[in-house]
Amino acid sequence: MRAIKFLFWRLAHFVRRSRTEREIGDELAFHIQSRAEDLVRQGLSSTDAARQARVDFGGIERYKEQCRDTRSVPVFENALRDLVYAWRSLRRSPILVLVATLSLGLGIGVNTALLGALSAIFLRVPTMTDPAGVVAIEPGNSDQFSFLNYRDLQDSGIFADVVGSRTTLLNLRSGDNVERVDGLAVTANFFEGLGIRASLGRIFTRDEASPERDPRLAVLSYACWQRRFGGDPAVLERVVNLNGQSFLVLGVLPQHYRPVTGLMSPDVYVPVSALVLPNLNSRGNGNGLAVLGRLRHQTPPHQVQSEVTALAQQLERTYPRENEGFSLPARVFPVRGMQMRGSAELIAFPVLLIVLFGLVLLIACSNVAGLLLARATARRGEFAIRVALGAGRARLIQSMLIESFLLAFLGAGAGSLLAVWLVQVLSVVTLPNHQPVQLSIQPDFTLYVLGLGLALASGLLCGVVPALRASKVGVVAEVQRTGNRSITGRLWLRHSLVVGQVAASVVLLVISSLFLRSLIRTATLNPGFDLDHGLVATLYLEPNRYLGDGAALFAERVLERVDRIPEVRSGSVASVIPLAGDRSAARFEVQGRPTATGARTYLNNVSPRYFDTMGIPLLRGRDFRPSDRPGSPRVVIVNEAFQRAYFPGEDAVGRHVGYGEPFSEIVGVVKDSSYASVSEAPTPVLYYSYAQVPSLSTQARPLMVHVRTDGDPGAAIRSVARAIADIDNKVAFEVKTIREATTFELDVRRLGSALLGSLGGVGLMLAMIGLYGVVAYAVAARTPEIGIRMALGASSERVLWSVLGQGLRLVGMGLAVGSVLSLLVTHLIADLIGGVSPTDPVTFAGTALVLAFTGLVASYFPARRATLIDPLTALRQE
Amino acid sequence: MGQEVGLLPGTLDLLILKAVSLGQLHGYGVLLRIGQMSGGALDVEQGALYPALYRLEGQGLLDTEWGVSDNNRKAKYYRLTTAGRKRLREETAGWQRLTAVMATALKARLEEI
């Protein structure tokens, strides 16, 4: 503390005193000496002359001061002086400093962390040279470019260079250990085209990695190199086994490389070739690439857009079947941040977070503003004296603002500690998914700049009103005022602050409890399949060893083997686990009926007995049979929602659907069950026979083996795992109970609810601190009045209720305002709180109760103190 | 010595500019020069000279430089800047207008109004 004071003192002196001071002194001394010498020449003695010269000159110190005043920069200097003053006076109010630091620290901390995380997600620019000159390209039908289409785009010359990439699952095998890693198949020119270099070794070049050369080259991400290879530099030129093939490791990417895939960061980069993307040479969308183009010098984006559209139209004309819908206007967008594919939900949640976190900061600021207002009222006498001594209004405002900025920076200090910690917590949060999403955010420069900005904003926010109020001080009135402190008239501002705080925390609480309610509702909803007797194994096959119907045959062997396990009642295969964060959709049409282009439905490719295994009742028709093989008539099963949507009032069984010839016959209808979300309304699902869609099974998608057990499924996990390893020990796989496997949605909601719930708690706490402050202050201000009342015989009960009533009135007003605001807000987020109405009465009533209770507690303590007022002491104060 | 006159507010600056316009001077020199220019009739409070000098320097009308005086001491010298020269011209013109107007006004007799 002393050190800081010393620093200020030194700084002030350094800035002003040392040099100017010496110069002024020298100059005036020169004058006086010269004058004295002249006087000596006129005949005075040197002593007399020196004295006379001084007398003639006048008040030296006064003139020095005037010289100084013309020199110094008063604003800055006064600011320094005010800072020292503010520091001293704040040291005498430790409670104010504590509450302000905590409030603002919380507010600034959580907001800094949130904005830091959001900017890391949404403003992230993938590593590449000149990202502003690179655009992402999508055909108008929201498909991706197949490799052949990509080639045509590259050859068209619209762009200086076009690169493509596709995520793919790779089995990384070393010895008997097989690990599934996230791969990115990239076109041969990917690294060169984007200007990406390796930090160790090298990247592959356009010539050596072209698909025709059967390239077996790999570049590792830094994380994969560390995790899998212990950061050993000897990994270069090593041969690794990916999907059963030998690949040569060429290099390792830099540690802070930001991949083009956004938050999903691939472990291994391999060239696009038939080795990793089996149906490379089919024009259809099966193996689409995410495509980026480097603009030719000074080509305007809109021109590029129309050129791409023109090319896509030509591609649709030439390949009408494979490129259906390509004629729609192509989409060209910048590579910065998440590439928004029109997903409103993806935007809605972050916006909601920003608003809610902002509310917390507002509550925190109004807390501090309330405290400063009270302090300003208490210091009116002091201000009056300063005004009387010549301080201007601006000067008073400045000194008050400096105090609030000082508090804000203390808060920002605490807040940045909190933010750094929060960011570290956030950066390790992974969403349970097939592809773990990692928010690798570093507490970097941006974060501190954000913190600083928020501190400045909150300093201004909480300081400006009290400062303006305090500066309007009536000198005479104040100086004359001695004992009488009846200041209730001035309280309306603090009261409205508290009402605002309560209202804001009502909004926070309502929204967070809606999320919580939605979570609880979701957790108890029946997904339409049996959660208690199922296991699911996710198998990552090496695609090249299971070409054609190889995967289907493998699946049959697994099922055969699993069926022999005593605990297992039935087993089946599927391509999608419902509610696991994964989905698969495709276009389809009903035979003999023109359907709108792009009608899509959810898909699942399942084997016979899937519905038995999952406990989904078959309503009409039949299940798939082993005889539904490739070559036999193609058959599908639909759910009720599909029947309702496309065959209302008719029987779907016997009808034909599909995507062009050959159409598949609907042989059965099953009961609805959840697919992507438990809370959603039943959506149409089309079940294909797994054995009949070999092309789908050879994609780099895992194979799901579902098993139904008689008793506790957990007991069968090990035997199922052993059965799979026995058949092929080169398969990467994991076995979970169906309940564990389908918690993706719940996990996401849990995360959201935990986040919003803690936010609501923080907001409530801050608002209650504010309420407590106001009521306590009002009690202090009303002490004489209460004293008189009690002297006149008011019971302490009456006093208690009168004070409580004041606090509760504020809570009630805040509650009313907050509820109205909440009603306006909640319907905007109806999509995010599936299963719960935005006007859920339980939520609103619960929030009101919680607030009434906490409001009562916050007002009780000051009210209790009011009853202890001794009338005599109180009156003597007067 | 003639009769001494007190300075009108605002005239000190003009006198300083004028004094310095005749050649580079230190503070004491400015005082002496003003004395010479007015024939000793103007009573300049000695100390008051310095805040005025500092103010004019702050306004960019004067330049300063440390040098050595005739009596071999370190002294701060003032010189007119271009802006100072311009200001001197304007103020002089203004002053002359004012004195002319004042003179006319004070000479006025009832019948001329």
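**Figure 1. The surroundings of Asp214(A), an exposed residue with 11 C-beta neighbours inside 10 Å.** The structure shown here is a predicted model. Asp214(A) counts as exposed because a residue with 12 or fewer such neighbours is placed in that class, and Asp214(A) has 11. In chain A, Asp214(A) sits in the loop that runs between strand 4 (200-201) and strand 5 (217-220). Its phi is positive, near 55°, although Asp214(A) is not a glycine. Most residues other than glycine have a negative phi.

**Figure 2. The loop of chain A that holds Leu579(A), between strand 14 (568-574) and strand 15 (585-587).** Is Leu579(A) buried or exposed? Leu579(A) is buried, since 24 other C-beta atoms lie within 10 Å, and 20 or more are required for that class. The phi of Leu579(A) is about 60°, a positive value in a residue that is not a glycine.

**Figure 3. The side of chain A that touches chain B.** Here 19 residues of chain A are in contact with 17 residues of chain B. Helix 1 (2-41), helix 2 (46-57) and helix 3 (60-71) of chain A each supply at least two residues of this side. Helix 1 gives the most, with nine residues. By class, this side of chain A comprises six nonpolar, seven polar and six charged residues.

**Figure 4. The fold of chain A, with 25 helices and 24 strands.** Of the 878 residues in chain A, 42% are buried. Among contacts between residues at least 6 apart in the sequence of chain A, 83% join residues at least 24 apart.

Terms used. Residues are numbered from 1 along each chain as its sequence is written. Chains are lettered from A and ligands numbered from 1 in the order in which they are written. This is a predicted model: local features need pLDDT of at least 70, side-chain atom pairs count only at pLDDT 80 or more; totals for chains, interfaces and linings use all residues. Helices (H or I, at least four residues) and strands (E, at least two) are DSSP runs, numbered from the N terminus. Two residues are in contact if their C-beta atoms, placed from the backbone, lie within 7 Å. Ala, Val, Leu, Ile, Met, Phe, Trp, Tyr, Cys and Pro count as nonpolar, Asp, Glu, Lys and Arg as charged, and the others, Gly among them, as polar.
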